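Please keep the sequence and the coordinates open while reading.

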Amino acid sequence: MSMRCRNCGDTLQEFLRVVDDGEQAYVAEHKPRHTRLGSYYRCGREGCRRYQRLGDHNDGGSFPEPDE
Ligand SMILES: [Zn+2]
């Protein structure tokens with residue numbers, strides 16, 4: 001699933017389904033109007049924490065940095 005990623009300089013990146021429990025919870029918390037979590041994908045580039053909705057790359061955000 002290729003979409004533009006603004007966190008990657010607005011380049012086309014491969015996006016993956018959000019499968020991590022913590023990330024799913026984060027999306028549900030920040031996008032309460034969109035209960036279909038399956039419509040959100042995350043950037044697959046290593047180190048990028050961008051997630052966005054399928055079909056609307058402006059509807060998204062960034063996951064927080066993981067706790068070390
Ligand atoms: Zn990205």
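The text below treats the sheet, then its strand pairs, and then the loop residue.

The model is predicted, and local features are therefore reported at pLDDT of at least 70, side-chain atom pairs count only at pLDDT 80 or more, and totals for chains, interfaces and linings use all residues. Residue numbers start from 1 along each chain as its sequence is written.

**The sheet**

Five strands form an open sheet in the order β1-β2-β3-β4-β5, with antiparallel pairing. The edges are taken by β1 (2-5) and β5 (56-62), each of which has a single partner strand, so that one side of each is left without a neighbour in the sheet. From one strand to the next the twist averages 45 degrees, where axes are lines fitted to C-alpha atoms (for helices over the stretch in contact) and angles run from 0 to 180 degrees between N-to-C directions. Strands here are DSSP runs of E with at least two residues, as helices are runs of H or I with at least four, both numbered from the N terminus, and two strands pair if DSSP finds at least two bridges between them.

**Strand pairs**

| Pair | Bridges | Facing residues |
|---|---|---|
| β1 and β2 (residues 11-17) | Four bridges | Cys-5 and Thr-11 |
| β2 and β3 | Three bridges | Leu-16 and Arg-42 |
| β4 and β5 | Four bridges | Arg-53 and Asp-56 |

**Arg-45**

Arg-45 belongs to the loop that runs between β3 (40-43) and β4 (50-53). Leaving aside residues up to four places away in sequence, Arg-45 touches Cys-8 and Gln-13, contact being defined by C-beta atoms, placed from the backbone, that lie within 7 Å. Arg-45 and Met-1 are 44 residues apart in sequence, and their C-alpha atoms are 12 Å apart in space.

Key:
Two residues are in contact if their C-beta atoms, placed from the backbone, lie within 7 Å.
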